Amino acid sequence: MALLKRSLSLHGHRTSLALEPEFWDVVDAHADATQKSLAGLIAEIDDNRDPEDPLSSAVRVWALKRVQMEAGLISEG
């Protein structure tokens with residue numbers, strides 16, 4: 001499966017993030033629903049991740065948890 005790369009500013013620095021389109025779909029839907037910018041949402045995920053974990057992995061786990069919450073499989077918190 002091909003990765004889709006996007007560029008954004010994160011904490012004042014340009015960076016790029018490559019994810020599968022399905023993960024971007026979850027990120028984009030949440031950003032739209034909460035009226036957050038893509039960079040703002042990714043910055044929140046970045047601020048809450050373990051510094052040892054790659055940002056792309058943190059975003060994938062965040063997206064999985066969003067889908068699980070929406071499906072009622074886990075509670076928010």
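Guide: One term to start with: buried means under 20% relative accessible area, exposed over 50%, and partly exposed in between (1.4 Å probe, protein chains only). This is a predicted model, where local features need pLDDT of at least 70, side-chain atom pairs count only at pLDDT 80 or more, and totals for chains, interfaces and linings use all residues. Residues are numbered from 1 along each chain as its sequence is written, and side-chain values use heavy atoms, with hydrogens and water left out.

Visitor: Is His30 buried or exposed?

Guide: His30 sits in helix H1; helices (H or I, at least four residues) and strands (E, at least two) are DSSP runs, numbered from the N terminus. Contact means heavy atoms within 4.5 Å, and, neighbours within four places in sequence aside, His30 is in contact with Leu41, Trp62 and Arg66. Its relative accessibility is 15%, so His30 counts as buried.

Visitor: And His11, with what relative accessibility does it count as partly exposed?

Guide: His11 is found in the loop between E1 and E2. Its phi is near 55°, a positive value in a residue other than glycine. His11 counts as partly exposed because its relative accessibility is 47%.

Visitor: What is the relative accessible area of Gln35?

Guide: Gln35 belongs to the loop between H1 and H2. Phi of Gln35 is near 55°, again positive in a residue other than glycine. Gln35 is exposed, and its relative accessible area is 76%.

Visitor: Why do the buried residues of H3 line one face of the helix?

Guide: Helix H3 covers residues 55-70, and its buried residues are Leu55, Ala58, Val59, Trp62, Ala63 and Arg66. An α-helix has 3.6 residues a turn, so residues three or four places apart point the same way. The arc is that of the directions from the helix axis to the C-beta atoms. Seen down the axis of H3, the buried residues line one face because they fall within an arc of 135°.

Conventions. Expected span 1.5 Å × (residues − 1).
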